[in-house]
Amino acid sequence: AGKTQKDLRMSVIQKGTATLRKAKKITVKTCLDNPFVFEWKTIDGEDMHFILETLGERIKHIGLKKIETPRKKKRSLTKKQMESKQDAGTSELPKEETEGHGQKPGWTDINIRRQLAIGVNEVTKALEKNELVLLLVCKSAKPAMITTHLIHLSASRATPAGQVPRLSETVAPLLGLTSILALGFKKQSDKFTEAVEAIIPKIPALEVPWFQYRTEEVVGYARTDSSEEQEPKQLAEAPEEELTSQKRKRTESNQLDLSNVILQPLKIKKLVPNPNKIKKPPRKKKKAFSA
């Protein structure tokens with residue numbers, strides 16, 4: 001009886017069909033990681049209160065604000081209300097609608113608005129073009145990596161930048177916005193010159209290993225840029241030889257001393273994509289309705 005059972009089992013399982021399942025290899029991707037860690041130096045205490053007060057007073061004095069028309073929910077009217085409206089025949093609008101059309105939606109002064117860079121995207125573009133004199137970042141930005149790229153970008157442009165707590169909750173409502181994670185002041189911002197000059201000494205220097213600035217160099221760099229913008233007529237009248245010599249002197253003076261910089265090797269980082277093996281649910285195809 002034992003032999004017959006074994007023979008039956010062997011007959012069911014054909015030769016060469018039984019295979020062992022091999023465990024799938026975990027895919028590991030190697031990538032180069034930055035060895036340097038960038039962190040903002042938060043401005044706390046009296047300096048923070050001073051910066052927020054000066055900005056608040058200046059914005060209130062200028063009166064810059066974004067006006068938005070409030071969105072109203074459409075209420076479904078009953079049959080009785082529709083009939084009563086038709087019987088009344090009044091074409092008058094309610095008071096709220098007539099009052100809302102008094103002020104045009106948008107910024108109160110576009111020229112003053114162009115002197116600022118509001119938001120992370122706008123600030124990044126302005127820094128790439130080297131248009132900013134001062135940059136302030138809010139501490140409430142989550143995740144923190146949203147604003148970390150602005151540290152070495154502003155250091156490469158010699159732009160003073162600092163992280164200010166409560167920046168968004170104090171400045172955003174004054175400008176008529178919900179939140180402000182980054183606020184930049186452009187070089188041609190004549191309405192904010194006094195505020196910028198008062199705030200810059202309160203901002204600590206950025207620590208980027210391959211950029212070593214002094215406060216004198218930063219101030220001198222900003223002054224050379226402002227002098228270039230203020231004196232276009234003198235440059236136009238000067239001959240070509242003098243212009244080339246002036247450009248060479250400026251480039252030599254703006255070059256930084258990189259002799260003390262010690263570069264570090266890149267770190268090799270290994271990543272396992274989707275370690276928890278979470279599968280996305282399949283998309284449901286919309287059925288085409290037959291006409």
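Is Leu 136 buried or exposed? Leu 136 is buried, because its relative accessible area is 0%, where buried means under 20%, exposed over 50% and partly exposed in between, with a 1.4 Å probe and protein chains only. The model is predicted: local features need pLDDT of at least 70, side-chain atom pairs count only at pLDDT 80 or more, and totals for chains, interfaces and linings use all residues. Residues are numbered from 1 along each chain as its sequence is written, and side-chain values use heavy atoms, with hydrogens and water left out.

The chain has twelve helices and eight strands; helices (H or I, at least four residues) and strands (E, at least two) are DSSP runs, numbered from the N terminus. Of its 291 residues, 25% count as buried. Among contacts (heavy atoms within 4.5 Å) between residues at least 6 apart in sequence, 89% join residues at least 24 apart.

Leu 136 is found in strand 5. Not counting residues up to four places away in sequence, Leu 136 touches Ile 51, Leu 55, Gly 162, Val 164, Leu 167, Leu 181, Ala 182, Leu 183, Phe 185, Ile 199 and Ile 203. In soluble globular proteins, nonpolar side chains tend to be buried together. A nonpolar core is here a set of buried Ala, Val, Leu, Ile, Met, Phe, Trp, Tyr and Cys residues joined through side-chain atoms within 4.5 Å. The largest such core has 28 residues, and Leu 136 and Phe 185 have the most contacts inside it. Helix 2, strand 4 (116–118), strand 5, helix 8, strand 7 and helix 9 each supply at least two residues of this core, and its largest share, six residues, comes from helix 2. Apart from this core lies another, of 18 residues, among them Ala 117, Ala 126, Ala 161 and Val 208.

Helix 2 (residues 46–62) has 17 residues and reaches 24 Å from its first C-alpha to its last, close to the expected 24 Å, which is 1.5 Å times one less than the number of residues. Its buried residues are Met 48, Ile 51, Leu 52, Thr 54, Leu 55, Gly 56, Ile 59 and Ile 62. An α-helix has 3.6 residues a turn, so residues three or four places apart point the same way. The cover over the buried residues of helix 2 includes strand 5 (132–138), helix 8 (167–171) and strand 7 (182–186). After helix 2 comes Gly 63, whose phi is positive, near 85 degrees.

Charged pairs also join parts of the chain. A salt bridge requires a side-chain nitrogen of Lys or Arg within 4 Å of a carboxyl oxygen of Asp or Glu, and five are counted by this rule. In one of them, the side chains of Glu 207 and Lys 41 meet at 3.1 Å, N to O. This pair links distant parts of the chain, 166 residues apart: Glu 207 is in the loop between helix 9 and helix 10 (215–230), and Lys 41 in the loop between strand 1 and helix 2. Glu 207 counts as exposed because its relative accessibility is 60%, whereas Lys 41 is partly exposed, at 35%.
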